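This report describes a structure made up of protein chains. Please examine the sequence and the three-dimensional view before reading on.

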Amino acid sequence: MNPVLKLMLEGEALSTAQMAEVLRMDAAQVEKELATLKAQGVLLGWRPVLNPDYLAENQVFAVIEVKISPEREGGFDRLATRIAKFEQVRSCYLMSGAYDLMVIVSAHNLREIAAFVFERLATLHGVVSTATHFMLRAYKEQGYLLAREHAPADKPAVSA
Amino acid sequence: MSDNSQRFVAKHVASLPRSGIRDFFAVVAQMPDAISLGIGEPDFVTPWHIREAAIYALEQGKTHYTDNRGLLALRKAISTYVEKHFQLAYRPEDEILTTVGVSEALDIALRALLNPGDKVIYHEPSYVSYHPSVTLAHGLAIPVATSASDQFALDPAKLAAAWQPGCKALILNFPTNPTGGVADRARLEKIARFAVEKDLIVLSDEIYAELTFEGEHVSIATLPGMRERTVFLHGMSKAFAMTGFRLGFACGPAPLVEAMMKVHQYCMMCAPILSQAAGIEALRHGWDDVQRMREKYHQRRDYIVSRFNEMGLPCHSPRGAFYAFPSVQNFGLSSMDFAKRLLQEQKVAMVPGTAFGPGGAGFVRASFSTGYDQIIQACDRIAKFLETVAAEKGKK
């Protein structure tokens, strides 16, 4: 695996300069690797992982289970992509099981999400049904635990 | 009224030196914002599935004593693990003893095997407790120096030279704390032949075995004639990041394990049952975690060693464990003075090599069991410190 990618996947928040330092590469070389990963469509972009509680003031999240009818040509892909393009949709996955698409949406408030479901999503030709679940509380966000574990303060700073 | 209760302390305990680590710890404790490269344990928290197994055991009401040797399920898991990763077969029923960390295993091995005055050879710089543990078991500890030029592996010729009548045991610790030294198969074969020739029992502390970065780890117990004269010591602390669980084990021929069991049952009874439950989970399902953590240590080692060498702090590349052991001899400071000044001037804590025996003079131990951001910062500060020291030296 590309060493830059590997380092990023380990989840340590390192700057480009620090990555260069750790990998014993030039910062320019790291930048180049990142550009290549982007060009290849491997690295899609950067976004900070924020505590959802911090966003709670002006953002609500919901998971929508969507049943859709597959089309003769293209199966679920065309409609799924169409749904995914709405700006309220943060993630969209085709699922096995009781429904077809899991659509994760965010908006400023509950009404906005309701409006999105009724006016946009449910009215699309091919959408059979929707079930919307509002997110109440986050316990882990993209691999980060919200109840953070700290080393105990009395862990010795020097030990044998 | 003067307190003269000191007179009650046994002579062999009173004569033990204080641990150099403790002395240095007292200095570091006064500087809470220092970056510590002095930590002798994994920075990782025990993987969750292992912690969860301990919680489940607690919920199940597993709060009692166990068999002195440890739960049979644990001994079976140890047997399977040791066979798979060390190519050593031990019977769970009578060749494995679970202990409270490797520290206890080493202690009871020495107490079970030594007669007063028996001599024990160990290689040095070494883990801080080998010498005192031998003394506490009324033995006589004989150090054999290892050197940076030899990557701190044990030189069989020096071992032979150190031997004297009355030597009964040899303590080996590869990979070595604090030097990261390892012994390859060829070298171990020579050491093994010597042990057979002199009829030595070998106590092989292989606690860092899984954290070997290059080459295969070979246990001396696998070599011809060695199984019958080796007590294999291992535990969960380092590879599985379980220091606080205090779980270790000893494997060896049944009569030796039985002798150790006698000491263990009278002084310790058994290892804590919750730790044993966690140990079962770790040994059965923790191998991926071990790989992941080793990979991290490996990357950090590459970084810290190349930084040290670049800044003019000569450092061999440790092939195992999580310690770099650079030489500070070029700076005209003792290892203690170097460590103290570095701490005071740049707030980075490293342990003076002399804490690990006289052979550590001229070296410091830098643990890379800490996150990259800390390591990078610490290296930057050490480089600054070296510039200051070099400038002073230039003026003189």
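The structure is a predicted model. B:F363 is placed in the loop between β11 (351–352) and β12 (364–367) of chain B. Which residues does B:F363 contact, leaving aside its neighbours within four places in sequence? They are B:F325, B:P326, B:S327, B:V328, B:S335 and B:G353. B:L256, by contrast, is 107 residues from B:F363 along the chain, and the C-alpha atoms of these two residues are separated by 37 Å.

**The two chains**

Chain B contains 13 helices and 12 strands. Its radius of gyration is 21 Å, close to the 21 Å that the globule rule gives for 396 residues, so chain B is as compact as a globular protein of that length.

Chain A has six helices and six strands. Read from the N terminus, the order of these elements is α-α-α-α-β-α-β-β-α-β-β-β. The radius of gyration of chain A is 21 Å, well over the 15 Å that the globule rule gives for 160 residues, so chain A is more spread out than a compact globule.

The table sets out further values for each chain.

| Chain | Extent along the principal axes | Buried residues | Contacts joining residues at least 24 apart, among those between residues at least 6 apart in sequence |
|---|---|---|---|
| Chain A | about 65 × 40 × 30 Å | 15% of 160 residues | 54% |
| Chain B | roughly 65 × 60 × 50 Å | 51% of 396 residues | 76% |

**A pair of helices in chain A**

Two packed helices are described by the angle between their axes and the distance between the axes. In chain A, α2(A) packs with helix α3 (residues 27–39) at an angle of about 110°, and their axes are 8 Å apart. Angles of 65 to 115 degrees count as roughly perpendicular, and α2(A) and α3(A) are therefore roughly perpendicular to each other. On the side of α2(A), the residues that meet α3(A) are A:T16, A:A17, A:M19, A:A20 and A:L23. Their partners in α3(A) are A:A27, A:V30 and A:E31. Sorted by class, this contact of α2(A) with α3(A) consists of six nonpolar, one polar and one charged residues.

**Where the chains meet**

How many residues does each chain bring to the contact? Chain A supplies 12 residues and chain B supplies 20 residues. On the side of chain A that touches chain B, six residues are nonpolar, two are polar and four are charged.

Helix α13 (residues 372–395) of chain B has a part in this account as well. α13(B) has 24 residues and reaches 35 Å from its first C-alpha to its last, close to the 34 Å expected at 1.5 Å a residue. The buried residues of α13(B) are B:Y372, B:I375, B:A378, B:C379, B:I382, B:F385 and B:L386. An α-helix has 3.6 residues a turn, so residues three or four places apart point the same way. What do the buried residues of α13(B) pack against? In chain A, they pack against α2 (16–23). Within chain B, they pack against β1 (35–36), α11 (287–310), α12 (335–346) and β10 (348–349).

Technical notes:
Residues are numbered from 1 along each chain as its sequence is written. Chains are lettered from A and ligands numbered from 1 in the order in which they are written. This is a predicted model: local features need pLDDT of at least 70, side-chain atom pairs count only at pLDDT 80 or more; totals for chains, interfaces and linings use all residues. Two residues are in contact if their C-beta atoms, placed from the backbone, lie within 7 Å. Ala, Val, Leu, Ile, Met, Phe, Trp, Tyr, Cys and Pro count as nonpolar, Asp, Glu, Lys and Arg as charged, and the others, Gly among them, as polar. Helices (H or I, at least four residues) and strands (E, at least two) are DSSP runs, numbered from the N terminus. The radius of gyration is taken over C-alpha atoms; the globule rule is 2.2 Å times the number of residues to the power 0.38. A residue is buried if 20 or more other C-beta atoms lie within 10 Å of its own, exposed if 12 or fewer, and partly exposed in between; C-beta atoms are placed from the backbone. The expected span of a helix is 1.5 Å times one less than its number of residues. Axes are lines fitted to C-alpha atoms, for helices over the stretch in contact, and angles run from 0 to 180 degrees between N-to-C directions. Angles under 35 degrees count as roughly parallel, over 145 as roughly antiparallel, 65 to 115 as roughly perpendicular and the rest as oblique.
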